[in-house]
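Please look through the sequence and the model shown here before reading on. The report is written for someone meeting this structure for the first time.

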Amino acid sequence: MADGAGNNFDIVILGGGSGGYACALRAVQLGKTVALIEKSKLGGTCLHWGCIPTKALLHTAEVADLAREGSTFGVNSTFEGIDMTQVNKYKDGVIDRLYKGLQGLIKSGGITVVEGEGKLVDPKTVEVGGERYTGTNVVLATGSVSRTLGLEIGGRVITSTEALTMTEVPEKVVIIGGSVIGVEFASVWKSFGADVTIIEGLPTLVPLEDPTLSKGLERAFRKRKINFKTGVKFDSVKQTDDGVTVTLENGDTIEADLVLVAVGRGPNSAGMGYEEAGITVDRGWVPTNERLATNVDGVFAVGDLVPGLQLAHRGFAHGIFVAEEIAGLAPQPVVDSGIPRVTYCEPEIASVGITEPQAREKYGDAGVETIEYNLGGNGKSQILATAGTVKLVREKDGPIVGVHMIGARFGEQVGEASLMVNWEAYPEDVAQFIHAHPTQNEALGEAALALAGKPLHSHA
Ligand SMILES: Cc1cc2nc3c(=O)[nH]c(=O)nc-3n(C[C@H](O)[C@H](O)[C@H](O)COP(=O)(O)OP(=O)(O)OC[C@H]3O[C@@H](n4cnc5c(N)ncnc54)[C@H](O)[C@@H]3O)c2cc1C
C-alpha cells in the first residue's frame with residue numbers, strides 16, 4: 001500500500017464534489033491513502049451551487065406562500081415581500097454549516113486535500129501547480145457545467161449559478177428549459193412575486209417523467225399562474241440596458257428583465273488531459289463499464305462526468321462503489337433505473353423506476369397494470385391543502401416497477417418508493433404493511449391496496 005509519502009497514494013481523486021469526496025471518505029475507512037484534489041470548494045456543485053442552495057430558496061418560497069395563504073388556515077398573515085439580503089444570509093448559513101461539517105469529516109478521515117486545478121498527465125499521475133501526485137488508482141470526478149446552447153452568459157442572461165446569488169427579485173423572467181432546474185427556479189420566483197414564463201422545446205414540462213406527473217405539474221403551474229410554452233424552441237435572445245427579448249422559433253417574442261438558461265448540464269472534462277492519457281472520452285463524457293472503470297486500467301470515473309442521471313446521491317453511490325471496488329469488496333453495481341429522483345418545485349415530484357410508457361415498451365400493453373391514487377382521499381394531503389397523485393406501475397401479476405408521485409412534500413416519500421422498486425415488491429406485499437394515519441406516506445399504502453384489488457379510501 002502506498003503510504004501517502006512523496007506524493008504517492010493508493011488513490012488520487014480529481015474533483016472534490018459529491019462523487020469525489022464520497023469516494024475519499026469510504027476509501028480511508030477501508031485503510032487506503034487518498035489525495036483529493038479540488039480547485040474550488042470541497043462539496044462541489046451540490047453543496048455550493050446546486051442541491052442545497054436551491055432547496056433553501058424553495059423553502060423560503062414555501063414560507064412566502066404560507067404567509068400569503070395564512071387566512072385559509074385561520075392565521076391573519078400577509079405577504080409583504082422578499083428580503084433577498086436575509087434570504088441569502090439564511091441560504092449561505094445552511095451551506096456554511098454543512099461545508100464546515102464536511103471539511104471536518106475530510107480532515108478527521110486523514111485524507112490529503114490538495115487545493116488547486118489538477119490535470120491528468122498520465123493514467124496514474126495528476127499534476128497540480130507543478131507538483132505531481134501519483135495513485136495506484138485514479139478516480140476522475142470533475143463533474144458537470146451548465147450548458148448554454150451557444151448563448152453568451154452575462155448581464156441579464158444567467159445560468160443557475162448566477163441565479164443563486166441574486167440580490168433582487170426579478171419582475172419578469174423567462175426560463176429556457178422546463179426540466180428539473182427550470183421548474184425549480186420557476187417555482188421559487190413565482191412564490192417570490194415574479195412573473196415567470198418557461199420555454200420548453202419538448203411537448204411537456206419535466207419531459208423525462210411519467211406523463212401523469214408532467215400533466216399534473218402543468219395543471220398545478222397553470223393554477224399558480226406560472227406561464228409555460230411547450231413544444232417550441234427559442235430562436236434568439238437579445239439584451240439591452242433595459243431588458244431582454246426572447247424570440248421563439250415560431251416568431252413569438254417575450255420581453256423580460258432576466259433570462260435563465262436551464263437547458264441541462266454537460267460534462268466538465270475539457271483541457272484536463274483525459275484523452276491524452278488514453279482515456280476514451282465521448283463528447284466530453286467519460287464512459288465506463290458497470291463497474292465504473294474507464295477503458296484504462298486503474299482509472300475510474302464517478303458522478304456527473306459519467307453519462308446517466310445527474311444527481312448528487314448517484315455521485316455518492318458511485319464514489320462509495322469505486323472505493324469498495326478498489327479495496328476488493330466486489331460491491332453491487334449502481335443501476336440508474338433504481339435511483340430515486342426528486343424535483344423540488346411546488347408541488348414536488350418524486351419518482352423511481354420506469355414510467356408507464358417504458359413499462360409498456362418492455363412488457364407489452366397487456367403486461368402492465370397501473371393505479372393512480374388521488375390525494376383527494378389522503379387526509380394529511382387535505383390538511384396541507386395539496387392536490388396530486390401517487391401512481392404505481394407493475395408488471396402484470398408481478399412486482400412494482402415504477403412509482404411516480406406529485407404533491408406538496410412528496411419528495412420525502414421517495415424512500416419507501418425506492419424500497420418497493422429496488423426490492424421488487426408486489427403490491428400485495430406492500431398492502432400488508434401498515435402505513436400510519438394520517439400521513440402522506442399512507443397514500444403509498446393506499447395505492448398498493450388499490451393495485452392489489454382492495455382499495456380503501458380510493459375515489460374513482
Ligand atoms: C441548480 C442545481 C440544482 C441541483 N439540485 C440537485 C438536487 O436537488 N438533488 C440532486 O441529487 N442533485 C442536484 N443537482 C445535481 C448535483 O449537484 C450533481 O449531480 C452533483 O454535484 C454531481 O457530483 P460530482 O461529484 O459528479 O460533480 P461536482 O459536484 O460538480 O464536483 C466536481 C468537483 O470537481 C472540481 N473540479 C473540476 N475540475 C477540476 C480540476 N481540473 N481540478 C480540481 N478540481 C476540479 C470542481 O470544482 C467540483 O468541486 C443540482 C445541480 C444544480 C446545478
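## The model and its numbering

This is a predicted model, in which local features need pLDDT of at least 70 and side-chain atom pairs count only at pLDDT 80 or more, while totals for chains, interfaces and linings use all residues. Residues are numbered from 1 along each chain as its sequence is written.

## Helix α3

Helices (H or I, at least four residues) and strands (E, at least two) are DSSP runs, numbered from the N terminus. Helix α3 covers residues 51–69, and at 1.5 Å a residue its 19 residues should span 27 Å, which agrees with the 27 Å between its end C-alpha atoms; the expected span is 1.5 Å times one less than the number of residues.

The buried residues of α3 are P53, T54, A56, L57, L58, T60, A61 and A64, where buried means that 20 or more other C-beta atoms, placed from the backbone, lie within 10 Å of the residue's own. The cover over these buried residues includes α2 (44–49), α4 (84–108) and α6 (180–192), with contact taken as C-beta atoms, placed from the backbone, within 7 Å.

## The shell around the ligand

The ligand is surrounded by 37 residues, the closest being G15, G17, G44, G143 and G303; a residue is counted if its C-beta atom, placed from the backbone, lies within 6 Å of the molecule. At least two residues of the shell come from each of α1 (18–29), β2 (34–38), α2, α3 and α8 (312–326), and α2 supplies the largest share, four residues.

## An open parallel sheet

Five strands form an open sheet with parallel pairing, in the order β8-β15-β9-β10-β11, and strands pair if DSSP finds at least two bridges between them. At the edges are β8 (157–158) and β11 (227–230), each of which pairs on one side only.

Within this sheet, β9 (residues 172–176) and β10 (residues 195–200) pair in the parallel sense over five bridges, and V173 stands opposite V196 in β10.

## Residue E356

E356 belongs to helix α9 (residues 356–363), and E356 is buried because 20 other C-beta atoms lie within 10 Å. Apart from neighbours within four places in sequence, E356 is in contact with D210, V368, T370 and V393. The C-alpha atoms of E356 and L392 are separated by 8.8 Å, although these residues are 36 residues apart along the chain.

Definitions and conventions
Buried ≥ 20, exposed ≤ 12 C-beta atoms within 10 Å, placed from the backbone. Contact = placed C-beta atoms within 7 Å.
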